[in-house]
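Me: I am new to this structure and would like to go through it with you. Please keep the answers plain.

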Amino acid sequence: MTNRELTEAILKLKAEKRAVILSHYYTRGEVQAVADFVGDSLALATQAEKADADIILFAGVRFMGETAKVLCPDRKVLLPVPEADCSLAQACNGEQLARFKAEHPGALVVSYVNTTAEVKAHTDICCTSSNALKVVESIDPSQEIIFAPDQNLGSYIEKKTGRKLIKWQGCCHVHDRVTAAQIEELKAAHPEAKVLVHPECRPEVVALADVAGSTAAILDACGGDDKEYIVVTENGILWELQRRYPNKVFYPIALECEYMKMITLENIYRTLINEAPEVDVPTDVAAAARRSIENMISIK
Ligand code: SF4
């Protein structure tokens, strides 16, 4: 089938099965086009809970599908490619985090949403790149904090808050590969452009940003008077940037998450037809993981 035929078939199946498709900004453009809601991790987590549907199909990587299942245990959550993982989620498992906690008794655990349900179950408060600063600032300054698993996001929070975190040494292999030299080169070529950087990048790269923030923050930052932007995050965001701001110019770094790009119209179609693969999270793990996500959502 062509992309157009697949799109039509998916839209028809969605209506017949009372299904919604939630997609992350890093997926392919044609995938974002069939989604009912496209967002960053924070928006997707809250949207999953609100979705009025029997089926939630998550066009994203595995930890996102798990998060949706944890928040919506009574609904069928489908994940087109369960092998689509995330290097941050792989960086730390539940057992390792439990051992790390034992080495730092009394420390509160703040974990990035890019983690498995098991890691969330060992976490006190989840965070996303949109709200990590707010989450850490909500905690008493005398309280020790373990921050897992993204050391780059942890460094960014340390710099913003002046607090010392006990950081897990993980990273996103996509954002971590950007170098300061690449940004300097782009800045020299486009001196008028504002530099927008995701805080999963290394500290020396974030230091060159005019705006450092989540995908949602980067999208909002392009709404001002400036006309040109150097965009330092996964290139799936360009689809939404060009949709929102057709008259602006974007200079991306060629960053691609191979896991996000595993989601295609073809496997979404197949998943809706078969109503499988379905995400399953053991009840006890889901209950504990849910507490850490709800603790995050409750921070205003
Ligand atoms: S871009 Fe990085 S953090 Fe995002 S899903 Fe891919 S590997 Fe994980």
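**Working through the model**

Me: Is Glu 200 buried or exposed?
Reply: Glu 200 counts as buried, because its relative accessibility is 5%. Buried means under 20% relative accessible area, exposed means over 50%, and partly exposed lies in between, with a 1.4 Å probe and protein chains only.

Me: What kind of model is it, and how are residues numbered?
Reply: The model is predicted: local features need pLDDT of at least 70 and side-chain atom pairs count only at pLDDT 80 or more, while totals for chains, interfaces and linings use all residues. Residues are numbered from 1 along each chain as its sequence is written, and side-chain values use heavy atoms, with hydrogens and water left out.

Me: Where does Glu 200 lie?
Reply: Glu 200 is in the loop that connects β9 (194-197) and α11 (203-206). Helices (H or I, at least four residues) and strands (E, at least two) are DSSP runs, numbered from the N terminus.

Me: Which residues does Glu 200 touch?
Reply: Not counting residues up to four places away in sequence, Glu 200 touches Leu 88, Tyr 112, Asn 114, Asp 150, Asn 152, Cys 172, His 175 and Asp 176. Contact means heavy atoms within 4.5 Å. With His 175 there is also a polar contact of 3.0 Å between the side chains. A polar contact is a pair of N or O atoms within 3.5 Å; within protein, one must be able to donate a hydrogen and the other to accept it, and residues adjacent in sequence count only if both atoms are side-chain atoms.

Me: Asp 150 caps which helix?
Reply: Asp 150 caps the N-terminal end of α9, with a side-chain oxygen 2.9 Å from the backbone nitrogen of Asn 152.

Me: Which residues of α9 are buried?
Reply: In helix α9 (residues 151-161), the buried residues are Asn 152, Leu 153, Gly 154, Ser 155, Tyr 156, Ile 157 and Glu 158. Their cover includes β5 (108-112), α8 (132-137), β7 (145-148), β8 (166-167), α11 and β10 (211-212). Just after α9, Gly 162 has a positive phi of about 75°.

Me: What is the order of the open sheet with β7 and β8?
Reply: The order is β6-β5-β7-β8, an open sheet of four strands with parallel pairing. At its edges are β6 (125-127) and β8, each pairing on one side only. Two strands pair if DSSP finds at least two bridges between them. Between β7 and β8 there are two bridges, and Phe 147 stands opposite Lys 167 in β8.

Me: Changing topic: what is the order of the sheet that has β1 in it?
Reply: That open sheet has four strands in the order β2-β1-β3-β4, again with parallel pairing. The edge strands are β2 (37-39) and β4 (76-78), and each pairs on one side only. From one strand to the next, the twist averages 20°.

Me: How many bridges join β1 to β3?
Reply: Strand β1 (residues 19-24) and strand β3 (residues 55-59) run parallel and are joined by five bridges. Val 20 has Ile 56 in β3 as its bridge partner. On the sheet packs helix α14 (residues 265-274), which touches β1, β3 and β4 and whose direction makes about 160° with that of β3.

Me: Is Lys 14 buried or exposed?
Reply: Lys 14 counts as buried, since its relative accessibility is 9%. Lys 14 belongs to helix α1 (residues 3-17), and its side chain reaches the backbone oxygen of Val 34 at 3.1 Å. Leaving aside neighbours within four places in sequence, the contacts of Lys 14 include Ala 19, Ile 21 and Leu 272.

Me: And β11, how many of its residues are buried?
Reply: Four of the five residues of strand β11 (residues 228-232) are buried.

Me: Last one: at what angle do α4 and α15 pack?
Reply: Helix α4 (residues 62-71) and helix α15 (residues 283-297) pack at about 95°, with their axes 9 Å apart. Therefore α4 is roughly perpendicular to α15. Axes are lines fitted to C-alpha atoms, for helices over the stretch in contact, and angles run from 0 to 180 degrees between N-to-C directions; under 35 degrees counts as roughly parallel, over 145 as roughly antiparallel, 65 to 115 as roughly perpendicular and the rest as oblique. In this packing, Thr 67, Val 70 and Leu 71 of α4 meet Ala 286, Ala 289, Arg 290 and Ile 293 of α15.
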